[in-house]
Amino acid sequence: MSKVIVTDHPLIQHKLTLMRKVTTGSKDFRELLTEISMLMGYEVTRNLPLEETEIETPIVKTKSKVIAGKKLGIVPILRAGLGMVEGFVTLVPSARVGHVGLYRDPETLKPVEYYCKLPQDIEEREMIIVDPMLATGGSAIAAIDVLKEKGAKNIKLVNLVAAPEGIAEVQKYHNDVDIYVASIDEKLNDHGYIVPGLGDAGDRIFGTK
């Protein structure tokens, strides 16, 4: 069974509270999302393998550690996932960025794919799917399906806020994918929104309704 890792660092929880507030505007919402994404990135990349290399400091030659050639790929689920990319890329500038476009049909609540562009060597990369919300789990499952079909073998899912129902669905269909969240909220409402949640992340990021 995949692991669910809640990154409950005080700075993340503080910033998430500000994001939840209905009075937080798009500019602040975007900035907070970038900051939280970078903070979560530290946890997501915690187990990257290291190797020793010899360097020369201003004082002496020494052996020091570097990441052992592990390639990363960041895949936002469009469009809200775009708001998390900058934080991760700031942390790991060498990461490649792919995109999966999915929208949720308002009647069926099922994901519909409309765009996909991924790095060519995803089978060699640790792929990190990012999306602020894990609600029904449909979009996350569809995105993982796409990556696996393209050859990805090592996938992680990163969300700010998750509903228990969404976590259960992802684990049901992809129990090899670890899930990183900042908060597991109470439930989904009748419209498939997370309660208490933070509203429609895409609308709040881009200032649309």
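Q: Before we look at the space in here, what counts as a pocket?
A: On a 1 Å grid over the protein atoms alone, a pocket is an open set of points where a 1.4 Å probe fits, with protein on both sides within 12 Å along at least five of seven lines, and lining residues have an atom within 4 Å of a point. This is a predicted model, in which local features need pLDDT of at least 70 and side-chain atom pairs count only at pLDDT 80 or more, while totals for chains, interfaces and linings use all residues. Residues are numbered from 1 along each chain as its sequence is written, and side-chain values use heavy atoms, without hydrogens and water.

Q: How much space lies in the largest pocket?
A: The largest pocket holds about 650 Å³, a volume being the space filled by probe spheres set on the grid points, which are joined across faces, edges and corners.

Q: And which residues are closest to its centre?
A: Arg104, Asp131, Met133, Ser139 and Asp200 are the closest, out of 31 lining residues.

Q: Switching topic, where does Leu18 lie?
A: Leu18 belongs to helix α1, residues 10–20; helices are DSSP runs of H or I with at least four residues, strands are E runs of at least two, and both are numbered from the N terminus.

Q: Which residues is Leu18 in contact with, leaving aside neighbours within four places in sequence?
A: Those are Thr24 and Leu32, where contact means heavy atoms within 4.5 Å.

Q: Why does Leu18 count as partly exposed?
A: Because its relative accessibility is 29%, and partly exposed lies between buried, under 20%, and exposed, over 50%, with a 1.4 Å probe and protein chains only.
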